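Here is a briefing for a first look at this structure. Please view the sequence and the model together.

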Amino acid sequence: MEEIIRVENIKKTFRDNLEILKGISFSVEKGEVLSIIGPSGSGKSTMLRCISQLETVTDGTIKICGQTLVEKGIYADKKARHEIILKSGLVFQNFNLFPHYSVLKNVTAAQVRVLKKSKEEAEATAMELLKRMGLETKAKSYPCELSGGQQQRVSIARALALKPEVLLFDEPTSALDPELTGEILAVIKELASEKMTMVVVTHEMAFARDISSHIIFMDGGVIVEEGAPEDVINNPKQDRTKAFLARFNS
Amino acid sequence: MPDRYIKMLQAMLTGSVTSLEVFFLTILFSIPLALPVAMGRMSRHKLLSATTNVFLLIIRGTPLMLQLLVVYFGPGLFIRWLVLRGYDVSFKWNRFVAAIVALSVNYAAYFAEIYRGGIESIPKGQYEAAKVLGYTPARTFFSIVLPQVIKRIVPAMGNEVITLVKDTALVSVIGVSELLMVAKERQGAMFSFVPLFIAGVFYFIMNWIVSIAFQRLEKKLAYYN
């Protein structure tokens, strides 16, 4: 099995001495879907943001596709960091589409500017992705003309356009109503069936159980419990996990 | 038409051309100059941002008319001071150039604060989205942030530009014969209110055009929210 993400003992302390990650280790192999669940403030999102370089770790090691991003708190050089950033795609809770670009340009811009692809090639890739997302008729629209669910699908297409090895989702449905949530979950499910490697931070327990190969429950900056989806969600062993999932399992 | 009216109109035409030159040259220099000023103000480098802040406070905290006087007469007084101490230096300041320098610096200060407001209003998520897509900070600024900033600052910029049209009249304080100065001369010479009225109409029409231009620009940028 090819290892896509390896995280070893990462720690993150914010300036005000608040330790948000207290030594997290896990790995994700090619084709796996890892879901991370846990209460707000447990460090799930911060962990994801450390992998996608939006935050820096204070200590620990992160390797993406065998390439070292940070080793025991020492970061790789700029060039390596840039290469590594393109290996993962990140989907945000509030989409963060570029409002001044059309849907099509949102999906092509980075291909042209960063990967130096031709406009034609980028547009062909983009149209294919938009079609998969059921948005081929919206290519010329602007993000403000779309529903939240449609915007999130565009942002998934935008991330996929750079052909990342792994897709990271940071609470992709938390800004959506239940109907639109279903829309996005269906897309992620489909990606899972196509063996896309993914790490999903989510509050959708049933969804996490159904699509994941592995689940991590985090609280207070540590991994409290991890294992097969059924075990963690339906038969948690730790009291903290039981309490967190009480409402879901009752 | 009596001869003196033709003469008056000719003089006022020359005056309005000067006013227009002052206006356009100030726009030309202050709009780009304001960008590094805004960057300096927002810099994480403490000394740079503090220095820029002091500069902004002085420019925005003193009358433009005073600044025109300082820029025009200041260098001459400094040279005189040097000459009195035995230095062999000479310097000739052109009033028109001095007027453009003073106005451009003054307007750059106001524009810089507008730019800063615009730049700071762009959500952090835009920078983050660009970063994970592999954009460099410079590319993020020029292709993601700046276009959105322009849309947001257009109304505030329109206000400033309208003020600039009227502020061009201040350059007469250092003897640049712009429209209002010519009108005042003619009013005295002809003992007539007409020159002042014509000058008023000129500023009014000029600002009418400016506001139409800004309205069009706002509409053009209204294709997204």
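Which residue of β5(A) stands opposite I64(A)? Q67(A) in β5(A) does.

This is a predicted model, in which local features need pLDDT of at least 70, side-chain atom pairs count only at pLDDT 80 or more, and totals for chains, interfaces and linings use all residues. Residues are numbered from 1 along each chain as its sequence is written, chains are lettered from A and ligands numbered from 1 in the order in which they are written, and side-chain values use heavy atoms, with hydrogens and water left out.

Helices (H or I, at least four residues) and strands (E, at least two) are DSSP runs, numbered from the N terminus. Two strands pair if DSSP finds at least two bridges between them.

**The five-strand sheet of chain A**

- This open sheet has the order β2-β1-β4-β5-β6 (chain A), and its pairing is antiparallel.
- β2 (19-29) and β6 (74-75) of chain A each have a single partner strand, so one side of each lacks a neighbour in the sheet.
- Strands β4 (residues 59-64) and β5 (residues 67-71) of chain A run antiparallel and are joined by three bridges.

**The six-strand sheet of chain A**

- Here the order is β7-β8-β9-β3-β10-β11 (chain A), in an open sheet with mixed pairing.
- Its edge strands are β7 (88-91) and β11 (222-227) of chain A, and each pairs on one side only.
- From one strand to the next, the twist averages 20°.
- Five bridges pair β10 (residues 214-219) of chain A with β11(A) in the antiparallel sense.
- M218(A) stands opposite I223(A), and D219(A) stands opposite V222(A).
- β10(A) and β11(A) form a hairpin with two residues between them. In the turn, G220(A) has a positive phi of about 55°.

**Helices on the sheets**

- Contact means heavy atoms within 4.5 Å. Axes are lines fitted to C-alpha atoms, for helices over the stretch in contact, and angles run from 0 to 180 degrees between N-to-C directions.
- Helix α1 (residues 44-51) of chain A lies across β3, β7, β8, β9 and β10 of chain A, at about 145° to β8(A).
- α1(A) also lies across β1, β2, β4 and β5 of chain A, at about 60° to β2(A).
- Helix α2 (residues 78-85) of chain A lies across β4, β5 and β6 of chain A, and runs at about 115° to β5(A).

**Helix pairs**

- In chain A, the axes of α3 (residues 103-113) and α4 (residues 119-132) come within 9 Å and cross at roughly 130°.
- That makes α3(A) oblique to α4(A). Angles under 35 degrees count as roughly parallel, over 145 as roughly antiparallel, 65 to 115 as roughly perpendicular and the rest as oblique.
- In chain B, α1 (residues 3-42) and α2 (residues 46-61) pack at about 125°, with their axes 7 Å apart. These two helices are therefore oblique to each other.
- V37(B), G40(B) and R41(B) in α1(B) meet residues of α2(B), including L48(B) and F55(B).

**Where the chains meet**

- 25 residues of chain A are in contact with 19 residues of chain B.
- The two chains bury about 2000 Å² between them, 63% of it on carbon and sulfur atoms. Buried area is the accessible area (1.4 Å probe) that two parts lose on being put together, summed over both.
- In chain A, F98(A), P99(A) and H100(A) lose the most area to chain B, together 28% of what that side buries.
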